[in-house]
Each structure stands twice: as structure tokens, then as C-alpha cells.
Amino acid sequence: MPTTDATTAAATAATAVRTGRLEAPGATLHYEVRGRGPLLVMMPGGSADAGIYDTLAAGLADRWTVVAFDPRGYSRSTLHGPAGEQLPGTHSEDVARLIELLSPDGAPAAVFGSSSSAIVALDLLSRRPGLVGRVVAHEPPLVELLPDPAAGRAVFAAVRESFLRDGVEAAMATMAAGLAPEDGGATAPPEESGGASEAEAEAEAQNGAGAGAGAEVDAAAEAEAATVRRMMANLPVFLEHVLCSFSGHAPDLDALRTAAPKLVVGVGRDSRALLPAVAAERLAQRVGSATAEFPGGHVGLTEDPVAFGARLREVLLG
């Protein structure tokens, strides 16, 4: 039996972060790797970067080689030119390159995406099905699958226009109002920033819980704060160049029907009345894929990352 010190050292090694850079057409991508085993790619949504998955990735690194990354144009993934309108196909090719680089022995990878990155995951599955063995797409806000696509497009167009006219804060208020349940229920609208504000709340909670615990806690709190600042700084790119083009993407339903055995569509337990969850359930119905309920709402992965990670483990292994 290994000693306690040896076990602790092995666990620490499994969750240690290894970073890398990948050159892609028009961008240089920052990625982070933890653990050993089959490849699991965790794709940030909204304005989030790899840091949104710190807790989840550490919890899954005992079973998978977990890769998280900053999408092109965000945080540490730099564009080689000015930011322009982003397309899911460009981002899915970035993920394909990561899989080809990092998958042990070229084995198919598992892929998780939430919100806007779930749209990228679906595009990857439809274009490059041989690269993936399981795709979990949590609440992709595909307005073209809604009962009234024009109304969905109008919601996100109004958010973008609000940003261009009045800035980030006004845009997020427009988002919250546009995605509120029509019946006026108490369910909170999702933060389409992909977790920036949720991460900020998480960082504040951790800082409060560790108050007075010394310099180590201070350093951890500062690291959390730095992660939040990075993701908040991505909001202008998300609101102007990602939100409308991603939400308005028309997925290849025929290709997804063919690949449906590899696909699980995730829906938040607390967000079923909201646009992203409605679109997700209609997607599953149209392509015949499995669905899975996850804890929390649209940003459940930051509301309770431990519970969300446990559910994701079940879905990936199921």
C-alpha cells in the first residue's frame, strides 16, 4: 500500500497544470492540461476562459487527461489581427487541432461545452465525428431551433446593440430582461457571459471563507480575482463578435442525427423555462439524442462545480 505522503504526492501530480501554446490560422491558443488517461476537452462558453474549469478539471483529472483552453481572442489566446465576427466552425477547428495534438494514440476525445461553447461542440461533432467519442452539449442557445426563431434572434441582436450604444453593463441588463421567463416566474435568467459574474461571486465566497487564514489564502484569492478580471475583459469581444453569430448558427441536423449515439444534450434543473434550455431540448428531439439533467441552471458549472462535476462524470461514463 502506498504511504499517505506518496498518495498525496500522486494526487498533486495528477492535478498539476501543464500549459502550452498551439498555433492556429489567425491565432495562438493557450491551453492547460491536467491528469492522465483518455482526453477530455472542456470548452469555455460566453466570455469565460480556461480558468472557469479549474475546480471541475481538478476533480476529473483522476480519470481523464483534462484540457481547458482560452478561445481565440480571449485572455491568453491572441489573435494575429483585429477581432472580427467569430464563427462556430472556426472555433471547432481550433478544438480539432487540440485533440489531434493531445489525444493519446489518436484515440477519440470526450468533449464538454456549455452555452456558446456547446454550439462549438455540436459543430465539431457534425464536421469531425471521428475525433470524438462522446459530446456533452449543455444548453446551446440555438435560436433557430426555437418555436419563434425571429424572436430569439431579436433578443440577442438587442443585447449587441445595447452594448455598442451603452456598454457592457447595459448589455447585460438587456440580456437578463430578454431571457426572463415569459410567465414572470422566479427562475433567474442565465448569465450568457459564460460564467464571468458567477466566477466573481465564487471568488468572493472563497475569499470570505478563508478570511484570516494567512498569506496562502490571500494568494488564492488574488488568483481567483485575476481569473475574474480576465473573463470580464473578454465581454466586449463576446458581446460584439460572438453572441449573435453563435446563437444564430444553424446546426447540421442531418449530421447530428447520424452522430446522435455520441451526443448527450444537457439541461439545467433550474433553467428549463429559459431560452437556452428550450433550444437544447428541441435539439435533442430533432436529432434523437439522449438528454441529461444537470444541477443548477444555465451556469450550474459555477454555481456548484463539485455537484456539476459529479454529474458530468456520470454522463461521460454512462
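The crossing of helix H5 with helix H6 is right-handed, a crossing being right-handed if the near helix is turned clockwise from the far one by less than a right angle and left-handed if anticlockwise. The model is predicted, so that local features need pLDDT of at least 70 and side-chain atom pairs count only at pLDDT 80 or more, whereas totals for chains, interfaces and linings use all residues. Residues are numbered from 1 along each chain as its sequence is written, and side-chain values use heavy atoms, with hydrogens and water left out.

H5 spans residues 149-166 and H6 residues 168-178; their axes lie 7 Å apart at an angle of about 160 degrees. H5 is therefore roughly antiparallel to H6, a term for angles over 145 degrees. Axes are lines fitted to C-alpha atoms, for helices over the stretch in contact, with angles from 0 to 180 degrees between N-to-C directions; helices (H or I, at least four residues) and strands (E, at least two) are DSSP runs, numbered from the N terminus. Contact (heavy atoms within 4.5 Å) involves, among others, Phe156, Val159 and Phe163 of H5 and Ala171 and Met175 of H6. By class, the contact of H5 with H6 has nine nonpolar, three polar and one charged residue. Ala, Val, Leu, Ile, Met, Phe, Trp, Tyr, Cys and Pro count as nonpolar, Asp, Glu, Lys and Arg as charged, and the others, Gly among them, as polar.

H5 also packs on helix H9 (residues 235-247), with axes within 9 Å that cross at roughly 160 degrees. This pair is likewise roughly antiparallel, but the crossing is left-handed. Among the residues in contact are Phe156, Arg160 and Phe163 of H5 and Leu239, Glu240 and Leu243 of H9. Nine nonpolar, one polar and two charged residues form the contact of H5 with H9.

Most residues other than glycine have a negative phi. Glu139, in the loop between strand E7 (132-138) and H5, has a positive phi of about 50 degrees. Ser75, in the loop between strands E4 (65-69) and E5 (78-79), has a phi near 50 degrees. Glu139 is buried at 0% relative accessible area, whereas Ser75, at 27%, is partly exposed; buried means under 20%, exposed over 50% and partly exposed in between (1.4 Å probe, protein chains only).

Conventions
Angles under 35 degrees count as roughly parallel, over 145 as roughly antiparallel, 65 to 115 as roughly perpendicular and the rest as oblique.
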